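This briefing goes through selected features of one protein model, grouped by topic. Please keep the sequence and the structure open while reading.

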Amino acid sequence: VRLPSPSVCGYKRIQPLVFLAVVFASANASAAVTMRAEIDARDLAKSLLHAKISMPVSPGSVELWYPKWVPGVHGPVGPVRNIGEFKVTSADGKPIKWSRESHETSRFVCEVPAGVREIAIELDYICNQPTENTNGVDSYGTPTLGVINWNTCLVYPGGLPVRDITVDLTLILPDSWKYATALKTASHDANHVTFAPRDFESIVDSPLICGSHMTTIPLDKQTFKPAFLHVVGPDSAATEIKPELIQGYTRLFAEAGALFGGAPFETYHFLVVCSDDIPNIGLEHLESSLNAVDAKALADDDKIASWSGYLLPHEMAHAWCGKYRRPDHMTKPDYHTPLGLNMLWVYEGLDQHLGEVLCVRAGIWNLEDTRARHAFDISISRNTVGREWRSLEDTAVVAWELRARSRFWNTMRRAQDYYREGALLWLEIDAIIRTQSAGQKSLDDFCRNFFAVDPAKLPIAPFTLDELCASLNGVLEHDWKSFFTQRVSDVQAAYPLDFVESLGYHLEYTPKLPAYHKIEEKVGKYINALDSLGVSIGEDGYLRSTYTPGMPLANAGLSPRSKIAGVNGRTFSSDRMREAIRESVQKGGLELLVFDAEAYRTVQVPYRDGERYLSLVRDKDKPDLLESIYAPRTK
Ligand SMILES: [Zn+2]
């Protein structure tokens, strides 16, 4: 949900400019520096943040960077277009001219006059203008709550690693609002908060949620590390959480402890927004995660069984997979050196799998739905014709280009397949390890070694593909390098599915809608006809973007713009559409009234296979590896 931008007319600066003394860590401008930032959030209800920043400089050209490659969104998408004001002055208030170049809009070059040793920056940020790419790293405000991502209202000097920049950060909140963040509070006086100084990287990695209705629930710390669930929403009804889900999150931590052994954090904070006025968000951090779900989603059984239940396990697992252990091309000293994203099939793919494993082991999701979900992932993979030209690795390399779905023919283009196909890949790896070691080893052994925390390497221990393969070989000797070449970097028209048998299952089409799909359809407001007609159809009759070439509706000449207005002589509804698919066995097809670009036409769709859903069916004479993989490790 995107709110209209409020008018800034009539906005008055609330406080006179006051800049405190700048601390010089060194006289040398290229050594570590300390900057000071005061973020005034009192205008969040008007979707505005005001920042005052001061930092030491040397005279001459000074580069200031607005964070561009912000970690977690995997792209050069820092929301620089939302800057509402950017003024640079000397400490005594004299204007300093700055300029930018079209090819690098995140870099401000200031001409600092002789004699000036510190500069002051006023930066206003216009909130609530996210895109698919920037949801997780944007800032938001409503009259009752806010999300502050510090990258939206800070700049840093070029020429030194952001980890060498210390930030003295203060925040002014609207009256009587509470807040939650992984940052440690040094002092808190009325609505003024001063945080303990941290390096720029840790600040950007520690977003804050705030609002008038905030609840903090400590999760049981006896089992593992201390963890807190902070929930903010427009009112107390929106933030209601099922008691079983709180127990699930507690078990989640216990299960993470059993899987990984140690943790790259001392304390963990789930920051959760429950609101219909903020887009759905999930963004990982080392000591916290930023999550936004619909109002009341955490009290809704269907939404818990769908994306909302899985979100927190996914983002928490990232503390190990992605934040602490990170592909080496994804670790850079600042936020303007481009990242290499080709190993997102580990960062996101393995995390997708581990998030599912932990979610089921914690009892938040069940095994039956998980089986159906795997079958659906396989079905999507089979329907993805784009795999004939594009490797899995290529979907990672241009991750941010694919985040926004193609409205038309998405299966030709491929989506961010490094998530779900990446998860399938790691499920196959677990099957290989378990089968070839005769049940002696599993992916859990790999996780325990690979993610073991070395305090000397915190916060990030980068890894290469060779190191990943070596770690897998430590668990099971196998030609992992060739395995990854075939599965990841080679173009592969179909994903090899032999491993399904070793899981103790085979694939079969069943006519009965699995419970998992029933829930997903209800939450997503569509019907799933992927395995029958090659499409999913919105409750409004419009085709959705899983539209598949070569399947019955595409063959019948429908376009992705099409809206199904009538089915077998009656007005379209989801129930009638499903009934028509079922009756195709007797009728040999469907008759659709199609609306497309101002015109109606009747279309005959030859089809006689009825309802079909790809399913994993148990082979009783083989051990059930899915049951073993998803079995809880703790009591
Ligand atoms: Zn993720």
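**The open sheet**

Strand E17 and strand E18 (residues 227–232) form an antiparallel pair with 6 bridges. In this pairing, proline 218 sits opposite phenylalanine 228 of E18. The model is a predicted one.

*Sheet and packed helices*

- The sheet is open and has 5 strands in the order E17-E18-E19-E21-E20, with mixed pairing.
- The edge strands are E17 (214–219) and E20 (281–284); each has a single partner strand, so one side of each has no neighbour in the sheet.
- From one strand to the next, the twist averages 15 degrees.
- Helix H2 (residues 243–260) packs on the sheet and touches E17, E18 and strand E19 (268–274). The direction of H2 makes about 45 degrees with that of E17.
- Helix H4 (residues 307–317) also packs on the sheet, where it touches E18, E19, E20 and strand E21 (288–293). The direction of H4 makes about 165 degrees with that of E21.

*Zinc site and tyrosine 347*

- Which residues coordinate the zinc ion? The donors are His314 (NE2), His318 (NE2) and Glu348 (OE), at 2.1 Å.
- Along the sequence, these donor residues follow the spacing H-x3-H-x29-E.
- Histidine 314 and histidine 318 are both buried.
- Tyrosine 347 belongs to helix H5. Tyrosine 347 counts as buried because its relative accessible area is 3%, and buried means under 20%.
- Tyrosine 347 and histidine 336 are 11 residues apart in sequence, and their C-alpha atoms are 20 Å apart in space.

*Helix H13*

- The buried residues of helix H13 (residues 465–475) are Leu468, Cys469, Ser471, Leu472 and Val475.
- Why do these residues lie on the same side of H13? They cover an arc of only 160 degrees around the axis, which puts them on that same side.
- In an α-helix there are 3.6 residues a turn, so residues three or four places apart point the same way.
- The cover over the buried residues of H13 includes helix H5 (344–347), helix H11 (417–436), helix H12 (443–450), strand E23 (461–463) and helix H14 (480–489).

*Helix H16*

- In helix H16 (residues 515–524), the buried residues are Tyr516, His517, Ile519, Glu520 and Glu521.
- Their cover includes helix H3 (301–305), helix H7 (367–383), H11, strand E25 (526–529), helix H18 (574–587) and strand E31 (613–618).

- Most residues other than glycine have a negative phi, and most peptide bonds are trans.
- The peptide bond from leucine 458 to proline 459 is cis, with omega near 5 degrees. Proline 459 is in the loop between H12 and E23.
- Tryptophan 409 has a positive phi, near 55 degrees. Tryptophan 409 is in the loop between helix H9 (399–403) and helix H10 (410–413), and is partly exposed with a relative accessible area of 29%.
- Asparagine 568 has a positive phi, near 50 degrees. Asparagine 568 is in the loop between strand E27 (563–567) and strand E28 (570–571), and is partly exposed with a relative accessible area of 25%.

Conventions. Residues numbered from 1 in each chain as written. Predicted model: local features only at pLDDT ≥ 70, side-chain atom pairs only at ≥ 80, totals over all residues. Heavy atoms only, no water. Buried < 20%, exposed > 50% of the residue type's maximum accessible area, 1.4 Å probe, protein only. Helix = DSSP H or I, 4+ residues; strand = E, 2+ residues; numbered from the N terminus. Arc of directions from axis to C-beta. Contact = heavy atoms within 4.5 Å. Pairing = 2+ DSSP bridges. Axes fitted to C-alpha atoms, helices over the stretch in contact; angles between N-to-C directions. Donors = N, O, S within 2.8 Å, 3.2 Å for Na, K, Ca; no water.
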